Number of protein chains: 2
Amino acid sequence: MERISRHKVCGGWLERYRHAASTCQCDMCFSIYLPPQAEKQKLPVLYWLSGLTCTDENFFQKAGAERYAAEAGIILVACDTSPRKVHLPGDETDWDLGTGAGFYLNATKAPWSRHYRLYDYVLDELPRLVASHFPVDAQRKSIFGHSMGGHGALVLALRNSGVYRSISAFAPIVAPMQCAWGNKAFSNYLGEDKSLWQDYDASCLVQKAQHKLPILIDQGEADEFLVEQLKPEILQLACTQADHPLTLRMQAGYDHSYFFIRSFVGEHIAYHAEALAR
Amino acid sequence: MERISRHKVCGGWLERYRHAASTCQCDMCFSIYLPPQAEKQKLPVLYWLSGLTCTDENFFQKAGAERYAAEAGIILVACDTSPRKVHLPGDETDWDLGTGAGFYLNATKAPWSRHYRLYDYVLDELPRLVASHFPVDAQRKSIFGHSMGGHGALVLALRNSGVYRSISAFAPIVAPMQCAWGNKAFSNYLGEDKSLWQDYDASCLVQKAQHKLPILIDQGEADEFLVEQLKPEILQLACTQADHPLTLRMQAGYDHSYFFIRSFVGEHIAYHAEALAR
């Protein structure tokens, strides 16, 4: 594992690493914020999953989350949104497929199936790597994300009872089987058998989730992707039917940008901090 | 004046505008953050000046200042660092001269003298424009900036007694006559007569400032430009000799990036809020 950069922020350290990922069969980068408390004790970890076109860097450049993590004594980790430079046909042509668009799943269809295994990477490999190199209380972890990353966070938490203490999302893709982004990704990465798609659709998963981990979602009402791609009402209906606890906060005036995330990231970190303190 | 973009942030609105600037004889852009209080009352304004290579956008994308401005009820304005697309010989070849490097002065030497008039733009034109379009208490304004923008803020405040209520800077160029960045800019924009340079050198100006407005500076000790370009000890000595109040805080571990700015921007805004409330 190679450290690429290091910046002091809000009394702690933001560090970026590159490592050879065995799940994705390529080099992957991640960024980690270690608050000041990390110098003296093991801390819980909150994983961030970014949206389409992002890398592991956007969240730390724009969200302004460090001061809240420093206040709460939580380590933040952001991973990349796809393998990079694996040179698959078509991986660089579309912004919503291939590079920058891994959708946090394990692809089953060629040519994607060899490298596009972000689900295993985020669930297993990255936490093991983080726990082996940083002062982490590995039993205390939570997850949140934005848009495609909100989808990833919901899917990972709903499919893995007890792994995450808490889950939240900003403007997540909650029903990928019912929007163009999800259909394009799933048909390419998973093929046309839609029974396989359900394992990566939060609105399907919530109907069979054994452990009813509460879900917190903030969604901007002025989000340019709200009606066509995000469709929070589908998850809301599924949660009602499954009696799954969901707090869906529609936020007037907010769009899909990091300005929206920045406005509420402090509340999300406080939400996770409470769960991680238990 | 044309609005280019608008985002809701921390309960207020971040807006970006383009307008025909009479001082600079070209179109200029600026960004303004209007906290929620601006819907009901006139508010003081805090001007931000960015460093080399920045536009009016970097500060709002990276500093995370909006929540502090919303808490304090202060309007934030960030302007560009130079004219754009005026097509002067050499304006695009160097990152520390021409485009992105206006140094907040009025150039006197061709070809720069026609457009490079950021000093008058920031001091007069922009505040008049802001006051005529937004709910501003025009008598209450302060200024701060980073690196080249810290230089600009210091020069504007030291040369214009009573115009700004308070002044602060992150890692400013405090003695441009004694560093390569300043020498390159001043010899190109002002010519070789160094007596003219003194009007844009904070460490010279502090020696003849009539109104001893206190100066707050944060400077990272791990700043990669500290020794060669920033040289805070020169301003410190000048302030001691002139009995000018200076609070210079050397911050261990911090570099020259926006991660440094983000770490202390809340304290700077609180500092200005106190002065602006008087």
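**Terms and their grounds**

Q: What makes B:Lys231 count as buried?
A: B:Lys231 has a relative accessible area of 18%. Buried means under 20% relative accessible area, exposed over 50%, and partly exposed in between (1.4 Å probe, protein chains only). The value of 18% is therefore classed as buried.

Q: On what conventions does this description rest?
A: This is a predicted model, in which local features need pLDDT of at least 70 and side-chain atom pairs count only at pLDDT 80 or more, while totals for chains, interfaces and linings use all residues. Residues are numbered from 1 along each chain as its sequence is written, chains are lettered from A and ligands numbered from 1 in the order in which they are written, and side-chain values use heavy atoms, with hydrogens and water left out.

Q: What makes the phi of B:Lys231 worth noting?
A: Most residues other than glycine have a negative phi, and most peptide bonds are trans. B:Lys231 is not a glycine, yet its phi is positive, near 50°. B:Lys231 lies in the loop between helix H8 (226–230) and helix H9 (232–242) of chain B; helices (H or I, at least four residues) and strands (E, at least two) are DSSP runs, numbered from the N terminus.

Q: Which value of phi does B:Ala171 have, and is B:Ala171 buried or exposed?
A: B:Ala171 has a positive phi of about 45°, although it is not a glycine. B:Ala171 is placed in the loop between strand E7 (167–170) and helix H5 (180–189) of chain B. With a relative accessible area of 0%, B:Ala171 is buried.

Q: What is the omega of the peptide bond joining A:Ala110 and A:Pro111?
A: Omega is about 0°, and the bond is cis. A:Pro111 is in the loop between strand E5 (75–79) and helix H3 (118–133) of chain A. In chain B, the peptide bond from B:Ala110 to B:Pro111 is also cis, with omega near 0°.

Q: Why is the pairing of A:Arg262 with B:Glu66 called a salt bridge?
A: A salt bridge is a side-chain nitrogen of Lys or Arg within 4 Å of a carboxyl oxygen of Asp or Glu. The closest N and O atoms of A:Arg262 and B:Glu66 are 2.7 Å apart, so the pair qualifies. The count between chain A and chain B is 2 salt bridges.

Q: How many residues does each chain bring to the contact, and what area is buried?
A: Chain A and chain B each bring 24 residues, contact meaning heavy atoms within 4.5 Å. About 1900 Å² is buried between the chains, 52% of it from carbon and sulfur atoms; buried area is the accessible area (1.4 Å probe) that two parts lose on being put together, summed over both. In chain A, A:Lys8, A:Phe259 and A:Arg262 lose the most area to chain B, together 32% of what that side buries.
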